[in-house]
Amino acid sequence: MNDIKGVLFDLDGVLIDTEGIYTQFWQAVDKRFPTGVENFAQVIKGSNLHNILHTYFPSPEMREQVNALLNDFQRDMRYEYFPGTVTLLEELKRRNIPLCIVTSSDPDKMRELYRQKPEFSSYFQAIVTGDMVSDPKPSPECYLLGAKHLGIAIEDCCVVEDSINGLKAGMASGAQVAGIPSTCPRESIAAHCHWIIERVEQLVDIIFPNVS
């Protein structure tokens, strides 16, 4: 494995503790507008909103209603860090490791996150959102774009992900991949990453294995 020179973070389920409530939201949407897809809320994890709407909700009217429900949901949602997130980000900042967020989230959601957590964006040299890519996770496009924004070869980057689609995207990009079993069971992500970390702050031990 190469020395890690930059880190590409997924957002939900990695740094921000929101995956559980998103699962509840999409389960409720699936009951209201049945997709016929088994485990729908799990299947779509890592996909951007445009892809979800146009793949699973065929009519413009249905897409408009689902989008309105999501906007209302995200407007009222509280964005909370996972334990250890700020400690990790401060440590990586102190050690001059360039960081990028690579998320399927849309700009409206990110603006609300910045409103609630105004310090958040200061930790990152770049932020890639779902509207910036044409092919969502599990395509590697988003992670390749994130590495490009950092100016670091993808092979020298570590991707940190929790969803199967996100982990597949990281592996397909050629990055070094750390998986967090916050969304999926440990055994289901093992084949899709190089390391499994139980807590996000354990990433320091991967990037700096010989430094106490």
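A polar contact is a pair of N or O atoms within 3.5 Å; within protein, one of the two must be able to donate a hydrogen and the other to accept it. In the predicted model described here, such a contact, at 3.0 Å, joins the side chains of Ser105 and Lys109.

Ser105 is placed in the loop that runs between β2 (99-102) and α6 (107-116). Its relative accessibility is 7%; because the cut-off for a buried residue is under 20%, Ser105 counts as buried. When residues up to four places away in sequence are not counted, Ser105 touches Leu11, Asp12, Met110, Thr129 and Gly130.

Along the principal axes, the C-alpha atoms fill a box of roughly 55 × 35 × 30 Å.

Of the 212 residues, 51% count as buried. Among contacts with a separation of 6 or more, 66% are between residues 24 or more positions apart.

The accessible surface comes to about 10000 Å², and carbon and sulfur atoms account for 50% of this area.

Key: Residues numbered from 1 in each chain as written. Predicted model: local features only at pLDDT ≥ 70, side-chain atom pairs only at ≥ 80, totals over all residues. Heavy atoms only, no water. Buried < 20%, exposed > 50% of the residue type's maximum accessible area, 1.4 Å probe, protein only. Contact = heavy atoms within 4.5 Å. Areas by Shrake-Rupley, 256 points an atom, 1.4 Å probe, with all protein chains shown as cover. Helix = DSSP H or I, 4+ residues; strand = E, 2+ residues; numbered from the N terminus.
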